[in-house]
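Here is a short briefing on a pocket and its surroundings. Please read it beside the model.

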Amino acid sequence: MYKRQEKTSVTITSLDASKNEIELEVPYNPKRIAILDLACLDIIDELGVGDRVVGMASTSIDYLEKYSNDASIKNLGTIKEADLEAVMECEPDIIFIGGRLSKSYDALSEIAPVVYLATDTNEGLVNSVSKNAKTIASIFGMEDKVDSLMSAVSYTHLTLPTNRE
């Protein structure tokens, strides 16, 4: 009888400390997530895996405050300065960062794999966010959810008037 082997890791495209694209092996469907980038938290929240967040950067964004107000989620500092000791204490399987923490990439990488995603101005905002959402979704095996999420973003949140008077 053939026994199907469960996927334990996935290779994604991320950035390194110097903002170069790299292939990075990360845990597949991680259970303990540290978030130091609010755009990534927003995507993780939309994917429905926010209950796996064990630590995050502080935020005052209303719709994400449920995470910073949750006593079980450790405060990991800010999106500009991570509290490395707090990150270590929450024992994440994976860490998400944005550009403001690129200087901490190497130190954070010693704790867990670091997914560093940024907005690519050459691709444009919507395409860049879509690419990042697909990368995050692939980590959780939720690629099928991204298209519907992104079509909602593309058409409802970012529709600009075509006539200017």
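Which residues lie nearest the centre of the second largest pocket? They are Leu15, Glu21, Ala118, Asp120 and Asn132, out of 16 lining residues. This is a predicted model: local features need pLDDT of at least 70, side-chain atom pairs count only at pLDDT 80 or more, and totals for chains, interfaces and linings use all residues. Residues are numbered from 1 along each chain as its sequence is written, and side-chain values use heavy atoms, with hydrogens and water left out.

**Pocket**
- The second largest pocket holds about 280 Å³ of space.
- A pocket is an open set of points on a 1 Å grid over the protein atoms alone, where a 1.4 Å probe fits, with protein on both sides within 12 Å along at least five of seven lines; lining residues have an atom within 4 Å of a point.
- Its lining divides into 4 nonpolar, 7 polar (Gly counts here) and 5 charged (Asp, Glu, Lys, Arg) residues.
- Helix 5 gives the most to this lining, with 4 residues.

**Helix 5**
- Helices are DSSP runs (H or I, at least four residues), and strands are E runs of at least two.
- Just after helix 5, Gly141 takes a positive phi of about 70 degrees.

**Ser102**
- Ser102 sits in the loop between strand 6 (94-97) and helix 4 (105-109).
- Ser102 counts as buried because its relative accessibility is 16%.
- Leaving out residues up to four places away in sequence, Ser102 touches Ala17, Ile97 and Tyr116 (heavy atoms within 4.5 Å).

Note on methods. Points joined across faces, edges and corners; volume = space filled by probe spheres on them. Buried < 20%, exposed > 50% of the residue type's maximum accessible area, 1.4 Å probe, protein only.
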